[in-house]
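Keep the viewer open as you read and go point by point.

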Amino acid sequence: MKKPRRLYFLLICVSTSLASCGVAENKDSSPNNENEELIIQVIIESNASYASDLEVEINSRNSPQTVNELSIEVPYSKTFVIPTDAAFPISSTKVKATAGEDGDRISCKILYDEIEVATHDSEGELATAVCENKFIDNILSYQ
């Protein structure tokens with residue numbers, strides 16, 4: 001089930017790339033055609049009541065987004081919407097967070113259109129979870 005959705009995302013990126021190069025040109029598109037969007041969800045979970053030093057970086061060609069918070073309540077979830085109207089609309093997503101002092105476990109997940117593309121669990125004093133997904137990782141996973 002995961003591979004068809006990833007393949008769908010890859011096909012969208014390739015199609016968008018071809019369209020931007022003029023290979024699949026359609027100048028008379030109707031205004032009712034909505035641009036496709038990539039939904040990115042970031043999830044932080046911990047046995048602590050909070051997490052610190054949250055950093056989220058969405059490296060997108062037309063819609064880069066960042067979140068930096070000194071402290072967040074966990075569980076934490078944030079959704080980002082990235083337009084896919086450019087060739088290779090997203091190059092990477094990175095998430096980093098540290099468990100609060102009252103806990104010793106933390107995890108992070110990155111989902112693209114409800115498909116988990118990165119996860120990391122960390123345990124111990126000042127446990128820090130770091131998740132990262134690069135566009136090249138998505139391409140290589142199909143080989």
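**Notes on the disulfide, the core and the loops**

1. Let's start at Cys108, which is buried, with a relative accessible area of 0%. One thing to keep in mind from here on: this is a predicted model. The partner of Cys108 is Cys131, and the two form a disulfide with their sulfur atoms 2.0 Å apart. Cys108 sits in strand 6 and Cys131 in strand 8, so the bond ties together parts that are 23 residues apart in sequence.

2. Staying with that pair, Cys131 also counts as buried, at 1% relative accessibility. Is the disulfide right-handed or left-handed? The torsion about the S-S bond of Cys108 and Cys131 is about 110 degrees, so right-handed it is. If you go looking through the whole structure for disulfides, the search turns up one.

3. Next, the inside. The largest nonpolar core has 27 residues. Those with the most contacts inside it are Ile40, Ile44, Leu54, Val56, Val95, Ile106 and Ile110.

4. Leaving aside neighbours within four places in sequence, Ile44 is in contact with Ala51, Leu54, Ile72, Val74, Pro75, Tyr76, Val95, Ala97, Ile106, Ser107 and Cys108.

5. Now compare Glu73, which lies in strand 3. Glu73 counts as exposed, because its relative accessibility is 66% and the cut-off for exposed is over 50%. Glu73 and Ile44 are 29 residues apart in sequence, yet their C-alpha atoms are 9.3 Å apart in space.

6. Worth checking by eye: the peptide bond that joins Val74 and Pro75 is cis, with omega at about 5 degrees. Pro75 lies in the loop between strand 3 and strand 4.

7. Two loop residues have a backbone angle to look at. Glu114, in the loop between strand 6 and strand 7, has phi near 70 degrees, a positive value in a residue other than glycine. Leu126, in the loop between strand 7 and strand 8, has phi near 55 degrees, again positive and again not a glycine. Are these residues buried or exposed? Glu114 counts as exposed at 66% relative accessibility, and Leu126 is exposed too, with a relative accessible area of 56%.

8. Ser122 is in strand 7 (residues 115-123). With a relative accessible area of 15%, Ser122 is buried. What does the side chain of Ser122 reach? It is the backbone oxygen of Thr128, at 3.2 Å. Not counting residues up to four places away in sequence, Ser122 touches Asp104, Arg105, Ile106, Ala127, Thr128 and Ala129. Of these contacts, Ile106 is also one of the residues with the most contacts inside the largest core.

9. Last, the rings. The structure holds zero aromatic pairs.

Note on methods:
Residues numbered from 1 in each chain as written. Predicted model: local features only at pLDDT ≥ 70, side-chain atom pairs only at ≥ 80, totals over all residues. Heavy atoms only, no water. Phe/Tyr/Trp six-rings, centres within 6.5 Å; stacked < 30°, edge-to-face > 60°. Helix = DSSP H or I, 4+ residues; strand = E, 2+ residues; numbered from the N terminus. Buried < 20%, exposed > 50% of the residue type's maximum accessible area, 1.4 Å probe, protein only. Polar contact = N/O pair within 3.5 Å; in protein donor to acceptor, adjacent residues only side chain to side chain. Contact = heavy atoms within 4.5 Å. Core = buried A, V, L, I, M, F, W, Y, C linked by side-chain atoms within 4.5 Å. Disulfide = S-S within 2.5 Å.
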